[in-house]
Amino acid sequence: TFVYTGKGSRRAQKDDAPPEQKACANQAVATQWCLAKRGQKQSLCQDFIDEWKSCRVEAIDAAAAKAAAKAADVDVDVAKK
């Protein structure tokens, strides 16, 4: 099975891309590569898919924690005034 491995016209991700998209790009590419190489059979690429899903959950949780910390910091600043 032929799998294209060239660079193509890769573009940088947009600044407003979701955090999980930015953080998990390598896992997404590895998943796509596996699926392409193995005839789109998800059962043969389950490890890659699970790793990508795990990365997404971690990135979303980290972004939520960062947003909560930022909101708490803003609340503290407002209370000081």
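This report describes the disulfides of a predicted model.

A disulfide is a covalent bond between the sulfur atoms of two cysteines. When the whole structure is searched for such bonds, 2 disulfides are found. If the bonded cysteines of the chain are numbered in sequence order, their pairing reads 1-4, 2-3. The table sets out the two links, with the distance between the sulfur atoms.

| Disulfide | S to S distance | Burial of the cysteines |
|---|---|---|
| Cys-24 and Cys-55 | 2.1 Å | both buried |
| Cys-34 and Cys-45 | 2.0 Å | both buried |

We begin with the link of Cys-24 and Cys-55, whose sulfur atoms are 2.1 Å apart. Cys-24 is found in the loop between helix H1 (19-23) and helix H2 (25-37), while Cys-55 belongs to helix H3 (residues 46-80), and the pair therefore ties together parts that are 31 residues apart in sequence. The angle about the S-S bond is -95°, and this link is left-handed. Cys-24 and Cys-55 are both buried.

The other link joins Cys-34 to Cys-45, with 2.0 Å from S to S.

Key. Residues are numbered from 1 along each chain as its sequence is written. This is a predicted model: local features need pLDDT of at least 70, side-chain atom pairs count only at pLDDT 80 or more; totals for chains, interfaces and linings use all residues. Side-chain values use heavy atoms; hydrogens and water are left out. A disulfide is a pair of cysteine sulfur atoms within 2.5 Å. Helices (H or I, at least four residues) and strands (E, at least two) are DSSP runs, numbered from the N terminus. Buried means under 20% relative accessible area, exposed over 50%, partly exposed in between (1.4 Å probe, protein chains only).
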